[in-house]
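The sequence and the structure are shown first.

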Amino acid sequence: MASGRDIDWLLPPDVERLRTLERWCLVLLELVRGRIAEIERGDRVAEAARNGPIVTPLTEWKLEHPIGRGGRMLVHTADCRLASGRTRPTTRE
């Protein structure tokens, strides 16, 4: 070898066994990469848990959709107790 080390004792002399070792190394590499990906995903999940839940901002307003065609759409504040179950959160715009 160019590095001056004699590694002939480490590797088999024939192509068939070298191909087998090559395949084994590729399989092992894929297993290692898969494990790294699992750990990194777990780290991201743990970091997200440490940062706490994602808090969505409260809506200021709710739109109440009418029943039937002739009804009116009503606007309620977010904490209005008169709003029915037909409301959807909305923005000021």
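Helix α1 spans residues 15-50, and W24 lies within this helix. The model is a predicted one. With a relative accessible area of 52%, W24 is exposed, because the threshold for that class is over 50%. W24 also takes part in a nonpolar patch on the surface, which it forms with V27, L28, L31, V32 and I36. Together, these residues have about 550 Å² of accessible area.

H76 belongs to strand β2, which covers residues 74-77. The relative accessibility of H76 is 9%, so this residue counts as buried, the limit being under 20%. The side chain of H76 makes a polar contact with the side chain of E64 at 2.5 Å. When residues up to four places away in sequence are left aside, H76 touches E60, W61, K62, E64, L82, A83 and T87.

| Residue | Relative accessibility | Class |
|---|---|---|
| W24 | 52% | exposed |
| C25 | 45% | partly exposed |
| H76 | 9% | buried |
| C80 | 21% | partly exposed |

How many disulfides does the model contain? A disulfide is a covalent bond that joins the sulfur atoms of two cysteines. The cut-off applied here is a pair of cysteine sulfur atoms within 2.5 Å. By this rule, the count is 0 disulfides.

How values were computed:
Residues numbered from 1 in each chain as written. Predicted model: local features only at pLDDT ≥ 70, side-chain atom pairs only at ≥ 80, totals over all residues. Heavy atoms only, no water. Patch = residues over 30% accessible without salt bridge, like charges linked within 9 Å, V, L, I, M, F, W, Y side chains within 5 Å. Areas by Shrake-Rupley, 256 points an atom, 1.4 Å probe, with all protein chains shown as cover. Salt bridge = Lys/Arg side-chain N within 4 Å of Asp/Glu carboxyl O. Helix = DSSP H or I, 4+ residues; strand = E, 2+ residues; numbered from the N terminus. Buried < 20%, exposed > 50% of the residue type's maximum accessible area, 1.4 Å probe, protein only. Polar contact = N/O pair within 3.5 Å; in protein donor to acceptor, adjacent residues only side chain to side chain. Contact = heavy atoms within 4.5 Å.
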